[in-house]
Amino acid sequence: MYFIDTHAHIDMLKKLSPEEAVAKAADEDVKYIINVGAELDGSRKSVEFAQRFPGVFASVGIHPHYVKGFGNKEIRILESLIQGESTGYGHSESVKNENGEDENQGVKGGRYKKVVAIGETGFDFYRNLSPASDMEKAFISHIELALKYDIPVIIHDRDAHRQTMNVIKRYTGNKKFRAVVHCFSGDINFARQCLEQGLYISFTGVITFPNAGDLKKVVEEVPLERIFIETDSPFLAPQAKRGSENYPGFVKYIAEKIAEIKGCSIDEVADITSKNAESFFSLK
Ligand SMILES: [Zn+2]
Ligand SMILES: [Zn+2]
């Protein structure tokens with residue numbers, strides 16, 4: 001039995017170094033961790049971690065909180081990160097070739113195989129730290145990059161279910177479009193819409209909170225075959241670890257809660273959600 005933490009930010013941990021977090025998580029049967037970029041710096045670290053740790057994979061993207069003014073420069077940097085150039089963006093603006101063209105304009109080459117997703121991207125109308133138009137523009141650009149490199153999208157949706165679905169529906173006709181709604185916070189109707197559109201649903205420690213009422217119904221109804229588990233660490237420590245810094249080793253508490261709600265074994269939850277993630281993100 002092993003777990004996959006499909007969404008962590010080990011670059012943001014304060015109490016553990018990345019080395020310690022990865023080693024401790026391995027002791028807790030976490031086989032793989034996907035480190036998700038929330039900003040360009042976090043995306044760069046995600047790629048670095050993927051290069052440094054065999055069990056860590058990277059997702060690169062810019063969280064809706066940080067997309068104010070998002071444009072071509074950011075797209076170019078993300079693209080160089082997809083290609084595994086974790087240090088390549090420092091000179092992305094100023095390097096010109098002899099024709100006066102920006103050398104990083106058209107980054108050539110294929111995907112670094114340990115960059116397995118784009119994101120997190122989407123809408124956050126809870127904190128509204130960026131204009132909605134920039135969130136949408138960035139979301140669409142992230143999806144276009146995912147389609148270009150044939151990798152899935154990790155969607156962040158907070159208080160924006162309708163707007164998220166509107167964008168998703170423009171792409172679900174495309175066979176290359178694959179996406180997961182991470183830290184799922186919608187109701188059962190939104191969950192059904194997501195399933196209908198072919199999306200996966202990922203649960204965090206929020207399902208272990210005493211006030212998780214409606215979310216438990218979602219866990220109950222969504223088939224295990226469409227579920228991933230994630231810590232979203234360092235945020236959202238599960239109830240059993242409230243007050244401590246969350247890290248990927250705590251992903252078992254989410255599996256345990258899903259097993260309890262669905263009336264199955266934790267082994268079954270671990271096996272099926274791990275298989276789902278391995279195939280969806282092509283982890284190997
Ligand atoms: Zn998020
Ligand atoms: Zn996150």
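## Position of K15

In this predicted model, K15 is found in the loop between β1 (3-8) and α1 (18-27); helices (H or I, at least four residues) and strands (E, at least two) are DSSP runs, numbered from the N terminus. K15 is exposed because 10 other C-beta atoms lie within 10 Å. With C-beta atoms placed from the backbone, a residue is buried if 20 or more others lie within 10 Å of its own, exposed if 12 or fewer, and partly exposed in between. Between the C-alpha atoms of K15 and A270, which are 255 residues apart along the chain, the separation is 27 Å.

Residues are numbered from 1 along each chain as its sequence is written, while chains are lettered from A and ligands numbered from 1 in the order in which they are written. As this is a predicted model, local features need pLDDT of at least 70 and side-chain atom pairs count only at pLDDT 80 or more, whereas totals for chains, interfaces and linings use all residues.

## The open sheet

An open sheet of 8 strands, with parallel pairing, has the order β1-β2-β3-β4-β5-β6-β7-β8. Two strands pair if DSSP finds at least two bridges between them. The edge strands, β1 and β8 (227-229), each pair on one side only. From one strand to the next, the twist averages 25°.

F3 has V30 in β2 as its bridge partner.

## Strand β5 and its neighbours

Strand β5 (residues 153-158) is largely enclosed by the rest of the structure, because 5 of its 6 residues are buried. Strand β4 (residues 115-124) runs parallel to β5 and is joined to it by 5 bridges; G122 stands opposite H156 in β5. The chain passes from β4 to β5 through helix α4 (residues 132-149) in a right-handed β-α-β crossover. A crossover is right-handed if, with the strands pointing away from the viewer, the path from the first strand over the helix to the second runs clockwise.

β5 also pairs with strand β6 (residues 179-182), in the parallel sense and over 4 bridges. I155 stands opposite V181 in β6. The β-α-β crossover from β5 to β6, through helix α5 (residues 161-169), is right-handed.

V180 in β6 is the bridge partner of I154, and Y200 in β7 is the bridge partner of V180. β6 and strand β7 (residues 200-203) run parallel and are joined by 2 bridges. The chain crosses from β6 to β7 through helix α6 (residues 188-196), and this β-α-β crossover is right-handed.

## Contact of α2 with α3

The axes of helix α2 (residues 40-52) and helix α3 (residues 72-82) come within 10 Å and cross at roughly 10°, which makes α2 roughly parallel to α3. Axes are lines fitted to C-alpha atoms, for helices over the stretch in contact, and angles run from 0 to 180 degrees between N-to-C directions. Angles under 35 degrees count as roughly parallel, over 145 as roughly antiparallel, 65 to 115 as roughly perpendicular and the rest as oblique.

L40, S43, R44 and V47 in α2 meet I77, L78 and L81 in α3, where contact requires C-beta atoms, placed from the backbone, to lie within 7 Å. The residues of this contact of α2 with α3 comprise 5 nonpolar, 1 polar and 1 charged. Ala, Val, Leu, Ile, Met, Phe, Trp, Tyr, Cys and Pro count as nonpolar, Asp, Glu, Lys and Arg as charged, and the others, Gly among them, as polar.

Note on methods:
Contact = placed C-beta atoms within 7 Å.
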